[in-house]
Amino acid sequence: MREGLAVLKRDNRREEFSREKLLSGIRKACQKRPVSPKAIEDLVDKITGEVLDRYEREVPAEVIGKAVMDGLRQIDEVAYVRFASVYRRFQEATDFVQEVKKLEGKS
């Protein structure tokens, strides 16, 4: 892992990019879902590779979040909605309903 790559958070804090933190977040979203550990590792490797290729010093957190959501949408829709609920900070049940409706429209 390259030293010094920072993630620019929503509140403008900077945090060192961590493959382990990325892996942990994706594992949580996939908990008790029929998603293989290999699929999770492959997604983490893909996102990590893209981030390291495209960003030299700083990557916006939303770039990582969007990549995770795009990847999870392909793997498991429940894991996708779980991750999106935390990432997008769903406040109301209607936020969940809207996200599920978006998924249904893509099927």
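**A first walk through the chain**

Guide: From the N terminus on, the elements run β-β-α-α-β-α-α-α. This is a predicted model, where local features need pLDDT of at least 70, side-chain atom pairs count only at pLDDT 80 or more, and totals for chains, interfaces and linings use all residues. Residues are numbered from 1 along each chain as its sequence is written, and side-chain values use heavy atoms, with hydrogens and water left out.

Visitor: How many helices and strands does the chain have?
Guide: Five helices and three strands. Both are DSSP runs numbered from the N terminus: helices are H or I with at least four residues, strands are E with at least two.

Visitor: In what order do the strands sit in the sheet?
Guide: The order is 2-1-3, in an open sheet with mixed pairing. Two strands pair if DSSP finds at least two bridges between them. Strand 2 (14-16) and strand 3 (58-60) are the edge strands, each pairing on one side only. On average, neighbouring strands are turned by 35 degrees against each other, direction ignored.

Visitor: In which sense do strand 1 and strand 2 pair?
Guide: Antiparallel, over three bridges. Strand 1 covers residues 6-8. Its Val 7 stands opposite Glu 15 in strand 2.

Visitor: Which helix packs on the sheet?
Guide: Helix 3, residues 61-75. It touches strand 1 and strand 3, and its direction makes about 60 degrees with that of strand 3. Axes are lines fitted to C-alpha atoms, for helices over the stretch in contact, and angles run from 0 to 180 degrees between N-to-C directions. Contact means heavy atoms within 4.5 Å.

Visitor: Which residues of helix 3 are buried?
Guide: Ala 61, Ile 64, Gly 65, Ala 67, Val 68, Met 69, Gly 71 and Leu 72. Buried means under 20% relative accessible area, exposed over 50%, and partly exposed in between (1.4 Å probe, protein chains only). The cover over the buried residues of helix 3 includes strand 1, helix 1, helix 2, strand 3 and helix 4.

Visitor: At what angle do helix 2 and helix 3 pack?
Guide: About 150 degrees, with axes 10 Å apart. On the helix 2 side, the contact is made by Ala 39, Leu 43, Ile 47 and Val 51. Helix 3 brings Ile 64, Ala 67, Val 68, Gly 71, Leu 72 and Ile 75.

Visitor: New topic. Which residues of the largest nonpolar core touch the most other members?
Guide: Leu 22, Ile 26, Ile 47, Ile 64, Val 68 and Leu 72, out of 29 residues. Helix 1 (19-30), helix 2 (37-54), helix 3 and helix 4 (77-87) each give two or more residues to this core. A nonpolar core is a set of buried Ala, Val, Leu, Ile, Met, Phe, Trp, Tyr and Cys residues joined through side-chain atoms within 4.5 Å.

Visitor: Take Ile 26. Why does it count as buried?
Guide: Because its relative accessibility is 1%. Ile 26 lies in helix 1. Not counting residues up to four places away in sequence, it touches Ile 40, Leu 43, Val 44, Ile 47, Val 68 and Leu 72.

Visitor: And Arg 14, buried or exposed?
Guide: Exposed, because its relative accessibility is 52%. Arg 14 is in strand 2. With residues up to four places away in sequence left out, Arg 14 touches Ala 6, Val 7, Leu 8 and Glu 58.

Visitor: How much of the chain is buried?
Guide: Of its 107 residues, 36% count as buried.
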